[in-house]
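Please read them with the structure open.

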Amino acid sequence: ANPRFLRFLADVAMDVTTPRGASLVLGAVLVFLLTWVALHHFTQREVGWFAFLGSLTGFSLSFLIILLVPYDISQTLSGGDKVLMPFSWDMMYWASFLLCWVTYPLLSEYEAASGFTVAGRLMSLRSTWCGLYVAGTVLLLLCLVVGGFSVLAPWCLAMANAWALLVSSLLMAYGLVAVPRQFWRQASPSFE
């Protein structure tokens with residue numbers, strides 16, 4: 001085992017035993033449970049457990065940001081040893097990155113697949129995802145050979161930010177047109 005990693009785990013364990021760290025862990029568990037209750041209440045019963053688990057993870061990570069920001073600010077203002085915060089932010093970022101770029105697209109393709117059994121759906125996914133994984137692996141290896149991890153991390157950050165900007169601008173543009181149009185049509189029944 002790597003001694004630096006073991007020292008890091010010991011520091012995180014010590015940070016979690018402090019009152020602030022314990023409140024962060026308790027808050028994370030509470031966020032997870034409340035998200036589970038809300039999703040369980042609003043989800044249709046036909047939704048598979050893997051889709052439910054993916055949604056639960058995505059929503060929980062999004063809601064945990066609300067919990068981490070005040071904790072991060074209090075750690076910064078108190079001048080305490082910030083061990084848990086970089087780990088928490090990195091964990092949330094990379095988990096969100098993997099969910100957005102691997103898990104969610106894979107789940108959506110699985111749900112849209114034409115097979116009637118799990119094996120049939122996975123076989124239809126193979127043709128779609130095989131090329132993407134080969135291209136991604138070649139690109140990953142190329143980045144690692146050219147510049148190592150120092151090139152890979154900024155590229156992943158840029159791709160994630162580009163995706164977020166693209167999706168938010170598309171959804172905002174749709175909302176800026178669709179919402180007023182819906183109000184206009186509801187106000188004038190002659191247009192329907």
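1. Terms and ground rules. Helices (H or I, at least four residues) and strands (E, at least two) are DSSP runs, numbered from the N terminus. The model is predicted, so local features need pLDDT of at least 70, side-chain atom pairs count only at pLDDT 80 or more, and totals for chains, interfaces and linings use all residues. Residues are numbered from 1 along each chain as its sequence is written, and side-chain values use heavy atoms, with hydrogens and water left out.

2. Confidence. pLDDT is the predictor's confidence in each residue, from 0 to 100. The protein chain has a mean of 80, and 95% of its residues reach 70 or more. Among the elements, helix α2 (residues 19-42) has the highest mean pLDDT, 87. Helix α1 (residues 3-16) has the lowest, 74. Where pLDDT is low, the predicted coordinates should not be read in detail.

3. Aromatic pairs. Rings of Phe, Tyr and Trp (its six-membered ring) pair if their centres lie within 6.5 Å; planes under 30 degrees apart count as stacked, over 60 as edge-to-face and the rest as tilted. By this rule there are two aromatic pairs. Phe59 and Phe63 are stacked, at 6.1 Å centre to centre with 25° between the planes. Why are Phe59 and Phe63 separated by about one helical turn? Because they are four residues apart in helix α3. The other entry is Tyr93 with Trp94, which is edge-to-face: 5.0 Å centre to centre, 85° between the planes.

4. Buried means under 20% relative accessible area, exposed over 50%, and partly exposed in between (1.4 Å probe, protein chains only). Phe59 is partly exposed at 41%. Phe63 is partly exposed at 38%. Tyr93, at 24%, counts as partly exposed, and so does Trp94, at 34%.

5. Ser55. This residue sits in helix α3 (residues 49-78). Ser55 is partly exposed, with a relative accessible area of 29%. Which residues does Ser55 contact, leaving aside its neighbours within four places in sequence? They are Leu39 and Tyr104, where contact means heavy atoms within 4.5 Å. Ser55 and Leu39 are 16 residues apart in sequence, and their C-alpha atoms are 8.1 Å apart.

6. Largest pocket. A pocket is an open set of points on a 1 Å grid over the protein atoms alone, where a 1.4 Å probe fits, with protein on both sides within 12 Å along at least five of seven lines; lining residues have an atom within 4 Å of a point. Grid points are joined across faces, edges and corners, and a volume is the space filled by probe spheres set on the points. The largest pocket has a volume of about 700 Å³. Of its 20 lining residues, Phe97, Trp101, Val102, Gly136 and Trp155 are the closest to its centre. Helices α4 (84-112), α5 (118-147) and α6 (149-187) each supply at least two lining residues. α5 gives the most, with eight.

7. Second largest pocket. This one holds about 350 Å³. Its lining has 17 residues; Ser62, Met92, Ser96, Phe97 and Cys100 lie nearest the centre. α3, α4 and α6 each supply at least two residues. The largest share, nine residues, comes from α4.

8. Ala, Val, Leu, Ile, Met, Phe, Trp, Tyr, Cys and Pro count as nonpolar, Asp, Glu, Lys and Arg as charged, and the others, Gly among them, as polar. The largest pocket is lined by 18 nonpolar, two polar and no charged residues. For the second largest pocket, the lining divides into 13 nonpolar, four polar and no charged.
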